[in-house]
Amino acid sequence: MKMIRSMVLVSSDPVSMERGGQSVFDTLQSEIRRFGIQDEISVTQVGDVGRHDALPAVIVYPEAIVYGPVLPENVAFLVEEHLYKGRIADNLQATKKELTGKIAWLNARKGTMPAEQRIVLQRAGIIDPTNIEDYILSEGYQAIGKALADMTPKDVMDELKNSGLRGRGGAGFPTGLKWTFVADAKGDKKYVICNADESEPGTFKDRLILEGDPHSIIEAMMIAAYAVGADEGYLYIRGEYALAQERVKIAITQAHEIGLLGEHIFGSDFSFDVHIHGGAGAYICGEETALLESIEGRRGEPRARPPYPTTSGLWGKPTLINNVETLANVPAIIRNGAEWFKGFGTPSSPGTKVYTILGNVNVTGLIEVPMGITLREVISIYAKGMKNDATFKMAQTGGSSGSIVPASLQDTPMDFDSFQKAGVALGSGALLICDDNNCVVDLAKVLQNFFRKESCSKCNPCRIGNERAFSILENISQGTGTMQDLKDLMLISENLKELSNCGLGQTAGTPVHDILTHFRAEVEAHIKLKVCPAGVCPMSGIRL
Amino acid sequence: MTMEAVFMTEIQAAVEKAILLHGESRSELIPILNDVNHALGYLPAAALEEISFRLKSPRSALFSVASFYHMLSTKPRGEHVIQFCESAPCHVVGGREVWQTLREQVGLEDGETSADGKWSLITTSCLGLCGVGPVIVIDEDAYGNVKPDQIADILAKYTD
C-alpha cells in the first residue's frame with residue numbers, strides 16, 4: 001500500500017474552472033511526477049471549497065494550508081517549496097484574515113476561530129466526490145447497512161421522529177412525520193424524491209452537498225425508501241447545476257457497480273433504484289407539486305392541494321419529497337442516534353443549519369452552525385464584519401421569499417420558533433446582508449421583479465399582483481409614488497398571501513410587507529420629499 | 001442539398017439522438033427538449049413537430065412546455081448567449097452598474113439578439129454562484145466578481 005504523506009485538494013467549481021482550475025490540476029500532477037513524489041502525494045479535484053475570495057484554491061493537508069488564487073505558472077514553485085522541500089510557500093497563501101467555510105472550521109480546531117459544527121457538510125471538500133471508496137471509508141453506506149440489518153422501517157421512522165429533524169427547504173415541517181404519512185398511505189407503488197431544484201436566490205448549499213458529497217444523498221434516499229416502502233427514487237436537479245448532475249450520475253453508476261443500488265441490496269428483500277431528472281430553468285419547480293408536474297413532462301404549474309403528494313404524488317402514487325439538506329442529515333442520525341443529533345441546536349430546532357452569507361460583508365461563503373445562532377454573531381464572527389466598516393441596515397433571510405430583518409432584530413436566535421415569534425421567516429438559509437448604501441425601495445423592486453418573472457401565471461393573485469406591485473415600486477423609485485400606492489401595496493401583499501395557490505405567491509408579498517413595516521419613513525421620503533435617502537433610486541419623475 | 005434540407009437533417013439527427021438516449025416516453029420530454037435545445041441552440045418548430053410525432057403527444061402540449069422553461073428557447077439565439085444574474089444578492093454588490101455597462105457594450109436590451117447574430121443578452125434569476133456576485137455567464141463559462149471595467153476584456157474573449 002502507498003503511504004500518503006500529503007493530500008492536495010484543488011477547487012473545481014465553475015468559477016475556478018473558468019480561471020484555469022483544470023490547468024492548475026494538470027500542472028500539479030505533472031510537477032509532482034517531475035519531482036518523483038507521486039507515490040507520497042494524492043491530488044484530488046473537489047467541488048466548491050468555500051473560499052470564494054481565492055479561486056482557484058489549492059489546499060494542502062494535513063497542515064490545512066490554503067493557497068489561492070493559484071495560477072498554473074505558480075504550481076511548479078508550490079510543488080517544490082511545500083510538497084518537495086516541506087516549506088510553506090508564504091507568498092501564494094490566501095489572505096489569512098478572510099477565513100470562511102471549511103477553512104474556518106479547520107482553524108477552529110487550532111483554537112483560532114469559533115467552531116462550526118458540520119453534519120451535512122462533513123465530507124464536502126474533504127473526500128473525492130467521484131470515488132465511492134472515499135465515501136465508504138468515511139462511514140459511508142453504514143447507515144443503510146445498519147437500517148437493513150438491525151432496524152425495521154418503523155424503527156427508522158421512530159429514530160427520525162425522536163431526532164426532531166425538521167425540513168430544511170424552508171417550511172420546517174417535521175421530517176419523521178412526513179415519512180409516516182407516506183408509509184401509512186395505501187398503495188403498492190411509492191416514490192422517494194429528492195428536491196434539488198435549488199433556485200432560491202442566494203442559496204447554494206444543496207449544490208455544495210451534491211457536488212462534494214453525492215453519495216450521502218443516495219444513501220439517505222435509500223434509507224427513506226426502506227422506511228416508507230418505496231423502490232424507486234428521483235433526484236430532481238435544476239438544469240443550471242451541470243456539475244452537480246454529472247457528479248450524481250457518477251455516484252449512481254458506482255453504487256450500481258458494487259451492488260448498493262438495484263435488486264436485493266445487501267442480500268435483503270429491499271430493492272431500490274434512483275433516476276436523475278434535470279430541470280430546464282424554472283424557480284417554481286422547487287415547489288413540490290410543480291416539481292411533480294415537471295417530472296411527468298409538463299409545465300411546472302403547482303397542483304391544488306389536498307390531496308398532498310404524500311397520498312397522491314408522482315403519477316398519482318404516494319410520494320415522499322425531501323430537500324437535499326434535510327436528506328443529508330439522515331444517514332448521520334441513523335448512524336449516531338437521535339440523542340446525538342439533539343445535542344446540536346435548540347430544543348425545538350435540533351441540529352445544524354447551513355447558511356450562505358452574502359452581500360456587503362468582508363467574507364462571503366457558506367457555514368454550517370448549530371440552530372439558534374444570531375445574525376449579529378454571523379456578521380461579526382463568520383462574515384468578519386461589514387465591508388468598508390459600513391453600518392448594517394438590514395438582512396434578507398431565506399432568499400427572495402424570505403423576510404427583511406432590520407438591524408433591531410439582529411439578536412434574535414435564528415431557529416424556526418424564535419423567528420416565527422418575531423414575525424420573520426428563516427427560509428432556506430440565505431443571509432443577504434445589506435449596508436446603509438442600499439435603498440429599501442430599490443431592493444423591494446428587484447425582489448418583486450424576480451417574482452413577476454418567475455410566477456407560473458396559473459393563478460390570478462400571483463400573476464396580476466406581482467406585476468402591479470412591481471409597477472407601484474417602480475413609480476415610487478421614480479419619485480412619482482403617492483400615499484395611496486402604499487395602501488395598495490399592503491393590500492396586494494395581503495391578497496398574495498391569502499389567495500395564491502402555492503408557496504411562491506403566498507410569500508411573494510413578504511419583502512414589500514416587511515419594508516413597509518420596518519422602513520416606512522424611508523419609503524415615505526421617496527413620496528413626500530421626492531428624495532431617495534440612500535441615493536440609489538433614479539427619481540426621474542416618470543410615472544408608468 | 002439546399003440549406004433547408006441540411007437543417008432538416010440536423011434536426012432529425014438531434015431528435016433521434018435525444019430519443020435514443022432518453023426513450024420514447026412522455027415523461028422524458030423535458031430531458032429530450034433540453035438535449036435538442038443544446039444541440040441546435042434553440043427548438044425550431046420542425047423539431048417540436050418531429051418530437052410530437054415520436055412521443056405521440058400533441059404539438060400544443062410540447063409548445064406549452066417549451067415556452068415555459070427559461071433554458072428552452074423557441075426562437076433562434078445568438079452565437080454567444082450572455083446571461084446576467086439579476087437577483088438580489090448580485091444586485092446589492094454592484095450588479096446594477098455591471099448591467100448598465102453590459103447593455104452599453106453589446107448594444108442590446110434584455111432578451112434581444114444582435115443583428116449579426118453574434119450576441120444574445122438575457123437576464124436570468126439566481127444561478128447559485130452568489131458567493132462571487134455579480135455573476136455573468138457567457139455560453140457555459142461563469143464569470144464572478146465582475147466589475148464594470150472588466151466587461152470589455154471578457155467580451156473580447158469571444159471575438160474570433
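In this predicted model, the domain assignment divides chain B into domain 1, covering 3-66, and domain 2, covering 80-156. Taken over C-alpha atoms, the centres of these two domains of chain B are separated by 29 Å.

Chain B also holds an open sheet of 4 strands, arranged in the order S2-S1-S3-S4 with mixed pairing. Its edges are formed by strand S2 (119-124) and strand S4 (141-143) of chain B, each of which pairs on one side only. Direction ignored, neighbouring strands of this sheet are turned against each other by 20 degrees on average. Within the sheet, strand S1 (residues 80-85) and strand S3 (residues 136-138) of chain B run antiparallel and are joined by 3 bridges; here B:Ile82 stands opposite B:Ile138 of S3(B). Helix H5 (residues 88-106) of chain B lies across S1 and S2, and runs at about 150 degrees to S1(B).

Turning to chain A, helix H10 (residues 214-228) packs against helix H13 (residues 324-336) at an angle of about 75 degrees, the axes being 8 Å apart. H10(A) is therefore roughly perpendicular to H13(A). The contact brings residues of H10(A), including A:Ile217, A:Met221 and A:Ala224, together with residues of H13(A), among them A:Leu327, A:Pro331 and A:Ile334. By class, 11 nonpolar, 1 polar and 1 charged residues make up this contact of H10(A) with H13(A).

Helix H9 (residues 205-212) of chain A is mostly covered, with 8 of its 8 residues buried. The buried residues of H9(A) include A:Leu208, A:Ile209 and A:Leu210, and also A:Lys205, A:Asp206, A:Arg207 and A:Glu211.

Technical notes: Residues are numbered from 1 along each chain as its sequence is written. Chains are lettered from A and ligands numbered from 1 in the order in which they are written. This is a predicted model: local features need pLDDT of at least 70, side-chain atom pairs count only at pLDDT 80 or more; totals for chains, interfaces and linings use all residues. A residue is buried if 20 or more other C-beta atoms lie within 10 Å of its own, exposed if 12 or fewer, and partly exposed in between; C-beta atoms are placed from the backbone. Helices (H or I, at least four residues) and strands (E, at least two) are DSSP runs, numbered from the N terminus. Domain bounds come from an automatic or database domain assignment. Axes are lines fitted to C-alpha atoms, for helices over the stretch in contact, and angles run from 0 to 180 degrees between N-to-C directions. Angles under 35 degrees count as roughly parallel, over 145 as roughly antiparallel, 65 to 115 as roughly perpendicular and the rest as oblique. Two residues are in contact if their C-beta atoms, placed from the backbone, lie within 7 Å. Ala, Val, Leu, Ile, Met, Phe, Trp, Tyr, Cys and Pro count as nonpolar, Asp, Glu, Lys and Arg as charged, and the others, Gly among them, as polar. Two strands pair if DSSP finds at least two bridges between them.
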